[in-house]
Amino acid sequence: MTKEERYQASAEELLRLVGGKENIISAAHCATRLRLVLKDEAKADVDGILKVDLVKGQFANGGQFQIIIGSGTVNEVYKRFIETGGIAEATKSEVKQAAVRKMNPLQRLVKTLFDVFVPLTPALVASGLMMGLNNVLTANGLFIQGQSLVEAYPALSDIAAMINTFASAAYAFLPILIGFSATKMFGGNPYLGAVIGMIMVSGDLLNAYAYRFYYFYGCRRDHEDCR
């Protein structure tokens, strides 16, 4: 069997095993995987799919039914897959949007939070690790009875202060990171989102307590007329 015949046979088998073209909402491919959004994933014969020639694996994630085929092969199988089924060609972005529309409201909410916070994970994890290192340097009695490492070795105090500054930065300015990530995810200008985050951490912004006091008493709490 030639390569072209293998591609065609695999495409026809996959189309049948996923429930036919009537069960397909959208189809695309990436570098190694066939990405499908199915109306009913229960109709797909996973065991049969795994036995198809050229298929190396299968999994479902985020509303997408993904079939691992391999680099340089998936595009050939995909081309014959959509031709055989009469399916409109779609991009990865369009398939992702179709998968989101298929989700229920709770799943959409969880995915939204996931998409906003996952890009921030490296910064938050790194900051947390540095906080742990700072605690090791400043914890009293951890290594030396009645003293911290910084107290026993004053030369470490500047290093500890620098680590603490690095560690607290991501959390101190977290609204900026969230504003950037959320605005980018929703398709807006991420820099405007970052500016909104900056406003939220601005020292000039009245806190809720001061604003409430001013609203009820008509003056600042620390003003002499309010004493």
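Colleague: In which sense do strand β1 and strand β2 pair, parallel or antiparallel?
Modeller: In this predicted model, strand β1 covers residues 24-29 and strand β2 covers residues 33-38, with five bridges between them.

Colleague: What is the order of the four strands in the open sheet?
Modeller: The four strands together make an open sheet with antiparallel pairing, and their order is β1-β2-β4-β3.

Colleague: Which strands stand at the edges of that sheet?
Modeller: The order of the strands is β1-β2-β4-β3, and the sheet is open. Two of the strands have a single partner strand each, so one side of each is left without a neighbour in the sheet; these edge strands are β1 and β3.

Colleague: How many degrees does the twist average from one strand to the next?
Modeller: The value belongs to the open sheet of four strands, in which the pairing is antiparallel. Taken from one strand to the next, the twist averages 20°.

Colleague: Which residue forms a salt bridge with Arg6, and how far apart are the closest N and O atoms?
Modeller: A salt bridge needs a side-chain nitrogen of Lys or Arg within 4 Å of a carboxyl oxygen of Asp or Glu, and the structure counts six salt bridges by this rule. The partner of Arg6 is Asp53, and their closest N and O atoms are 2.8 Å apart. This pair links distant parts of the chain, since Arg6 lies in helix α1 (residues 3-17) and Asp53 in the loop between α2 (46-50) and β3 (57-61), 47 residues apart.

Colleague: Leu54 lies in the loop between α2 and β3; what is its phi?
Modeller: Leu54 is buried, with a relative accessible area of 15%, and its place is the loop between α2 and β3. Its phi has a positive value, in a residue other than glycine, and lies near 85°.

Colleague: What separates Glu13 and Arg16 along helix α1?
Modeller: The side chains of Glu13 and Arg16 meet in a salt bridge, with 2.9 Å from N to O. Glu13 is partly exposed with a relative accessible area of 32%, whereas Arg16 is exposed with 52%. Because the two residues are three residues apart in helix α1, the separation is about one helical turn.

Colleague: Are Asp115 and Lys111 buried or exposed?
Modeller: Their side chains meet in a salt bridge at 2.7 Å, N to O. Both residues lie in helix α5 (residues 105-117), four residues apart, which is about one turn of the helix. As for their accessibility, both Asp115 and Lys111 are buried.

Colleague: How do the rings of Phe180 and Tyr191 meet, given their centres and planes?
Modeller: The structure holds one aromatic pair. The ring centres of Phe180 and Tyr191 are 5.7 Å apart and the planes stand at 80°, which is over the 60 degrees that the class requires. The pair links distant parts of the chain, with Phe180 in helix α9 and Tyr191 in helix α10, eleven residues apart. Phe180 is partly exposed at 31% relative accessibility and Tyr191 is exposed at 59%, and the arrangement of the two rings is edge-to-face.

Colleague: How far apart in space are Lys184 and Ala194, C-alpha to C-alpha?
Modeller: Lys184 has its place in helix α9, residues 174-185, and counts as exposed at 56% relative accessibility. In sequence Lys184 and Ala194 are ten residues apart, and their C-alpha to C-alpha separation in space is 9.9 Å.

Colleague: What accessible area do the residues of the nonpolar surface patch have together?
Modeller: The patch is formed by Phe173, Val195, Ile196, Met198, Ile199, Met200 and Val201. One of these residues, Met200, lies in helix α10 (residues 190-201) and is exposed, with a relative accessible area of 55%. Together the patch residues have an accessible area of about 650 Å².

Definitions and conventions:
Residues numbered from 1 in each chain as written. Predicted model: local features only at pLDDT ≥ 70, side-chain atom pairs only at ≥ 80, totals over all residues. Heavy atoms only, no water. Buried < 20%, exposed > 50% of the residue type's maximum accessible area, 1.4 Å probe, protein only. Patch = residues over 30% accessible without salt bridge, like charges linked within 9 Å, V, L, I, M, F, W, Y side chains within 5 Å. Areas by Shrake-Rupley, 256 points an atom, 1.4 Å probe, with all protein chains shown as cover. Phe/Tyr/Trp six-rings, centres within 6.5 Å; stacked < 30°, edge-to-face > 60°. Pairing = 2+ DSSP bridges. Axes fitted to C-alpha atoms, helices over the stretch in contact; angles between N-to-C directions.
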